Amino acid sequence: MAKNTVIRMIRVVTLLIGLSILTFSLIHLSPMDPVNAYIGGDGSASPEQIEKFKEYWGVDKSPVEQYFSWAGALLQGNFGTSMLYRTPVIDIIQSRFVTSLALMGTAWLLSGVIGYLLGMAAAMNRGKIIDRIIKWYSYTLVSTPIFWMGLILLIVFAVGLEWFPVGLAVPPGVMESDVRFLDRLHHFVLPALTLSILGVANVAMHTREKMIDILNAEYVVFAKARGESDWQIFKYHGIRNSILPAISLQFAYFGELFGGSMLAEQVFAYPGLGSTLTTAGLKGDLPLMVGIILISSLFVFAGNFIADILNKVVDPRMKGAI
Amino acid sequence: MNVNGSSFTKSSTLFYLGLTLSVFLFLGGCQTAAPVSENLINAQKPTTVKDELVLAIGKLDGGQFDPRKGWGMTQIRLTHSSLLAIDADLNFVGDLAKSYSISNDSLTWTFPLRDDAKFSNGEPVTAEDVKFTYEMLKEDGIKFDLSFVKSIKVADGNTIVIELGEPRSTFVSQLTEIGIVPKAHYDEHYSQNPISSGPYKVVQYNDGQQIILESNPYWYGNKPQFKKLTFLLLEEDAALAAAKAGEADIVYVPPTFADQKVAGMNLRAYESIDSRGIMLPTVPSGGKGMTNGKEVDIGNDVTSDLAIRKALNIGLDRQKLLDLALDGHGQKAFCLCDNMPWFNEKTIVEDGNVEAARKILGDGGWLDTNNDGIAEKNGLKAEFDMYFSSSDQLRSDLSLAVADQATELGIKINTIGVTWDEIYLKGKTAAVAWGGGRHHPHQLYSMNSSQRMNQGIDNMPNYQNAKVDEYLNKALTASTQEEANQYWKLAQWDGATGFSGIGDAPIIWLLRVDHLYLANEKLNLAKQPVHTHGHEWALFGNITEWTWEN
């Protein structure tokens with residue numbers, strides 16, 4: 001286990017190095033110019049000022065030098081300064097990551113639990129009306145783009161029924177100290193719902209397939225022959241055999257979740273990491289963009305890593321390995 | 001993330017797994033969650049005297065209240081006061097300065113300051129604060145170019161004296177844009193605690209979500225009726241949704257949303273000087289130049305031919321372009337400054353005249369000899385690329401409509417949507433959907449003077465005309481606004497030459513965008529002056545005159 005972890009850690013470090021080099025090279029090859037990002041379209045900077053600026057930010061150096069000075073600063077915990085917001089990148093990421101994390105966490109949990117239960121229910125009742133309804137629901141949702149789903153929810157629940165606000169994470173015009181937890185929850189529901197609805201379909205369909213395999217296995221036929229009820233079969237064989245692939249799938253879903261949150265946040269003007277990354281990319285804010293890319297890849301890596309550990313924790317056969 | 005499963009018993013593993021995750025989520029949520037408050041008053045609760053407004057007029061959080069970061073640049077700002085201000089008739093009047101005077105050589109500007117001005121923390125605004133602000137911005141030089149300022153001195157009697165190294169009549173515009181910051185409280189964290197002396201003060205800024213302003217109790221001017229303004233930082237479609245859900249009092253709408261009906265709100269359209277046109281390189285290809293400090297290729301063999309540019313100016317039908325690109329919500333533009341006090345009305349032409357355009361082309365040697373619909377001259381086809389910012393719907397619509405109309409004249413325009421970064425790299429070799437228009441004439445100089453060639457993104461067409469340069473310099477060095485305006489007009493067209501469409505046409509101005517808002521029926525926005533560039537803040541110049549009528 002310890003050895004495994006060390007290898008994993010080495011892998012993540014090389015992954016991050018590779019990723020940062022790749023991002024740096026891609027950005028360097030793109031026409032994005034940090035000078036434009038900083039000055040903006042309306043600036044009236046003279047050539048002397050631009051030279052001064054380039055020297056200050058080090059963009060007059062070669063890309064290799066730039067990479068090493070950036071990486072050197074990063075090793076000391078300095079992610080650099082955002083050109084767009086003119087504040088340290090790490091501060092922006094921190095404030096946005098917390099909102100994103102709550103959003104993704106909830107969506108992740110809901111889609112995992114509900115998806116698993118629906119998948120189970122469908123498999124246990126294969127061919128019956130309940131299975132068909134779940135299948136129909138899942139197929140429909142799987143083929144629905146997430147931003148479209150978000151817009152539909154927005155039109156129905158925010159504009160039509162006025163049950164939920166149209167966007168943002170806090171009520172407008174209310175001072176920070178007066179914002180209640182309920183207010184935050186109220187603003188949180190629609191984006192979280194959007195994000196989880198689609199995850200549910202994925203998980204349900206995978207679980208259903210896996211469960212059907214299990215139900216066709218000989219040990220289940222034998223259990224039936226012994227006279228075990230559906231519930232007993234589910235409890236003794238279904239859960240145990242289907243939970244491992246479900247967990248792997250669920251944690252590997254981190255990456256997709258991140259992509260989905262980007263769109264959901266955009267639709268609901270929810271200030272998370274995804275919408276910030278979009279802005280940083282579009283406006284050419286390189287330090288912020290690289291920062292978010294690194295953090296999010298760590299996040300996705302952590303998902304896979306946790307899945308591996310949990311597989312061992314949950315599986316009694318692997319107990320000795322820990 | 002610490003998930004350590006080894007100490008768990010087998011049966012409880014799942015339970016703890018769930019619990020760990022819930023706690024982890026709860027912590028995530030709690031970091032942003034404030035303590036539960038007893039305050040149950042909702043922001044939308046109707047009150048008898050409405051003194052709060054919720055506005056969704058765009059993503060206006062650039063610059064974050066710090067002039068060094070661009071706050072106030074080209075925009076009206078409610079938070080800061082400046083030495084001068086612009087009134088509804090576009091006159092430059094005193095704000096923090098009671099008045100101003102310029103010496104005969106136009107080099108010494110004197111501003112006696114008002115004595116009753118205070119910052120939002122109650123401390124007085126002194127001449128030292130003004131001196132500090134201008135020196136700080138001059139030193140920085142990125143957002144405000146003050147390189148022509150020689151010295152800023154504090155004189156007796158609460159007076160500021162600014163000495164210029166060279167005369168500059170358009171300095172007045174910067175005097176209206178630069179918000180004064182307190183010397184004692186200004187540092188790199190100013191954005192977090194922006195103490196300022198405008199009619200409103202920032203009480204809260206939720207990163208990427210909203211800005212809450214409250215009226216500044218120490219404001220020296222007329223008290224606004226609305227004590228609190230909440231700006232929601234929403235995109236246009238989300239803003240419209242907010243209006244439909246009754247969450248906002250004013251929302252900005254792009255022309256495509258102008259026919260949307262929202263109960264209790266009506267459409268307000270305001271003429272602006274926000275102009276759009278086509279930038280056309282005026283030199284043949286092969287040279288090198290600079291854009292934003294980077295060496296780039298310059299020149300285009302087709303657009304550098306005057307006949308092409310003049311033909312487009314008279315041949316394009318501005319009304320049709322308006323109808324297509326703006327659904328009619330705009331005005332024709334002929335110069336960068338239509339209807340401003342420095343606008344030369346002689347530059348207005350009867351446009352959409354295909355015959356006249358073809359004649360200009362023919363006289364210039366551009367004829368369609370092989371009947372492919374595109375004119376040629378010495379084997380060169382009248383064909384060029386036109387770049388537009390692909391994230392800008394208006395510029396993209398306008399470019400396509402221009403290309404369509406140009407085919408009638410025998411000119412083929414290939415429209416290409418790209419990012420601004422790419423436009424800055426390639427823009428000097430092709431046409432670009434360009435924009436501009438301010439409450440001051442400085443852009444006439446920066447876009448057309450040969451002295452501004454290769455500086456930043458100024459004079460993109462690399463345009464050079466000795467006569468125009470002479471007029472622009474005289475306008476810039478004039479000691480009164482009246483004298484300056486006279487030369488601005490001559491630079492556009494003096495009867496023989498000029499930078500306007502009937503002259504050399506380095507940039508053909510086509511239309512001005514109307515700023516459209518959906519506003520609550522009961523809200524009276526008073527008499528709005530012609531709006532400047534930027535629909536976000538343009539509306540708020542006269543906020544102290546706004547009223548709510550029950």
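**Close-up views of a predicted model**

**View 1. Asn378(B) is an exposed residue, because 7 other C-beta atoms lie within 10 Å.** The structure shown here and in the views below is a predicted model. Asn378(B) is placed in the loop between β17 (376-377) and β18 (380-381) of chain B. Its phi is near 50°, a positive value in a residue other than glycine.

**View 2. Asn339(B) is another residue with positive phi, here near 70°, and is not a glycine.** The loop that holds Asn339(B) runs between β16 (330-332) and α7 (354-363) of chain B. With 14 other C-beta atoms within 10 Å, Asn339(B) counts as partly exposed.

**View 3. Strands β6 (residues 149-155) and β7 (residues 159-164) of chain B form an antiparallel pair over 6 bridges.** Val149(B) has Leu164(B) in β7(B) as its bridge partner. The hairpin of β6(B) and β7(B) has 3 residues between the strands, and Gly157(B) in this hairpin takes a positive phi near 75°.

View 4. Tyr252(B) has Tyr517(B), in β23(B), as its bridge partner.

**View 5. The largest nonpolar core has 113 residues.** Those that touch the most other members are Leu55(B), Leu232(B), Ala239(B), Ala242(B), Ala248(B) and Val251(B). Helix α5 (residues 89-124) of chain A gives the most to this core, with 15 residues. Apart from this core lies another, of 74 residues, among them Leu321(B), Leu326(B), Trp488(B) and Trp509(B). In soluble globular proteins, nonpolar side chains tend to be buried together.

**View 6. Chain A is divided into domain 1 (2-75) and domain 2 (89-318).** The centres of domain 1 and domain 2 of chain A, taken over C-alpha atoms, are separated by 33 Å. In chain A, 13 residues of domain 1 are in contact with 10 residues of domain 2. On the side of domain 1 of chain A that touches domain 2 of chain A, the elements giving two or more residues are α1 (2-29) and α2 (34-39) of chain A. α1(A) gives the most to that side, with 8 residues.

**View 7. Chain B as a whole contains 12 helices and 25 strands.** Its C-alpha atoms fill a box of roughly 85 × 75 × 55 Å, taken along the principal axes. Buried residues make up 49% of the 550 residues in chain B. Of the contacts in chain B with a separation of 6 or more, 68% are between residues 24 or more positions apart.

Conventions. Residues are numbered from 1 along each chain as its sequence is written. Chains are lettered from A and ligands numbered from 1 in the order in which they are written. This is a predicted model: local features need pLDDT of at least 70, side-chain atom pairs count only at pLDDT 80 or more; totals for chains, interfaces and linings use all residues. Two strands pair if DSSP finds at least two bridges between them. Helices (H or I, at least four residues) and strands (E, at least two) are DSSP runs, numbered from the N terminus. A residue is buried if 20 or more other C-beta atoms lie within 10 Å of its own, exposed if 12 or fewer, and partly exposed in between; C-beta atoms are placed from the backbone. Two residues are in contact if their C-beta atoms, placed from the backbone, lie within 7 Å. A nonpolar core is a set of buried Ala, Val, Leu, Ile, Met, Phe, Trp, Tyr and Cys residues joined through C-beta atoms within 7 Å. Domain bounds come from an automatic or database domain assignment.
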